[in-house]
Amino acid sequence: MSLDWTTVRHFERAEFPKDPDRVSPDVVLLMDEMREAAGVPIIVHVAWDDSGHVGDSSHYSTTRDYAMAVDFHFVGWPLLDQWLFAERFPWNGIGLYPHWNAPGLHCDLRRLGRDHPHLGKRWWRDADGTYQPLDRALLKRLTA
């Protein structure tokens, strides 16, 4: 199912770098819904991307037709506010990235179920690039 970009109110096709036609319409429409509710611009860093990610990344895979993930940030919002806002939407995975040039989020619509034991996965990536569970260190950083 391809997306009719004329139905997207707050994003242009070109705002989804690399190959916007390989991004799940559900991801694009959910981002559009978030942008409507946020009332501020959202900058998409990447959605579909076949480089720099693990083999079965939600950004691409040989086992699915579309990217099910997007990396982005809300213009002018602290990372804590971005995260809490994103939790209001039905993302299955949310990662926090405080060390990006513009700190932001990875959100995805990963498959859930018995074959995917990490239901509702949440994480953050530290300065060394190590993935961490949400913890006191992150919360202190976000509220400092």
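Which residues form one aromatic cluster with Phe-72? The cluster consists of Phe-72, Phe-74, Trp-77, Phe-85 and Phe-89. This is a predicted model, where local features need pLDDT of at least 70, side-chain atom pairs count only at pLDDT 80 or more, and totals for chains, interfaces and linings use all residues. Residues are numbered from 1 along each chain as its sequence is written, and side-chain values use heavy atoms, with hydrogens and water left out.

**Strand 2 and its neighbours**
- Strand 2 covers residues 69-74; strands (E, at least two residues) are DSSP runs, numbered from the N terminus.
- Strand 1 (residues 42-46) runs antiparallel to strand 2, joined by 4 bridges; strands pair if DSSP finds at least two bridges between them.
- Within that pairing, Val-44 has Phe-72 as its bridge partner.
- Strand 4 (residues 104-108) is also antiparallel to strand 2, over 4 bridges, and Val-70 is partnered there by Cys-107.

**Two covered faces**
- In a regular strand, side chains alternate between the two faces of the sheet.
- In strand 2, Ala-69, Asp-71 and His-73 on one side and Val-70, Phe-72 and Phe-74 on the other are all buried, meaning under 20% relative accessible area (1.4 Å probe, protein chains only).
- Phe-72 counts as buried because its relative accessibility is 0%, and Phe-74 is buried at 1%.

**Aromatic pairs**
- The structure holds 9 aromatic pairs, which are rings of Phe, Tyr and Trp (its six-membered ring) with centres within 6.5 Å.
- Phe-11 and Phe-16 are edge-to-face (planes over 60 degrees apart), because their planes lie at 65°, with centres 5.5 Å apart.
- Phe-72 and Phe-74 also pair edge-to-face, at 5.7 Å centre to centre and 70° between the planes.

Note on methods: Buried means under 20% relative accessible area, exposed over 50%, partly exposed in between (1.4 Å probe, protein chains only). Rings of Phe, Tyr and Trp (its six-membered ring) pair if their centres lie within 6.5 Å; planes under 30 degrees apart count as stacked, over 60 as edge-to-face and the rest as tilted.
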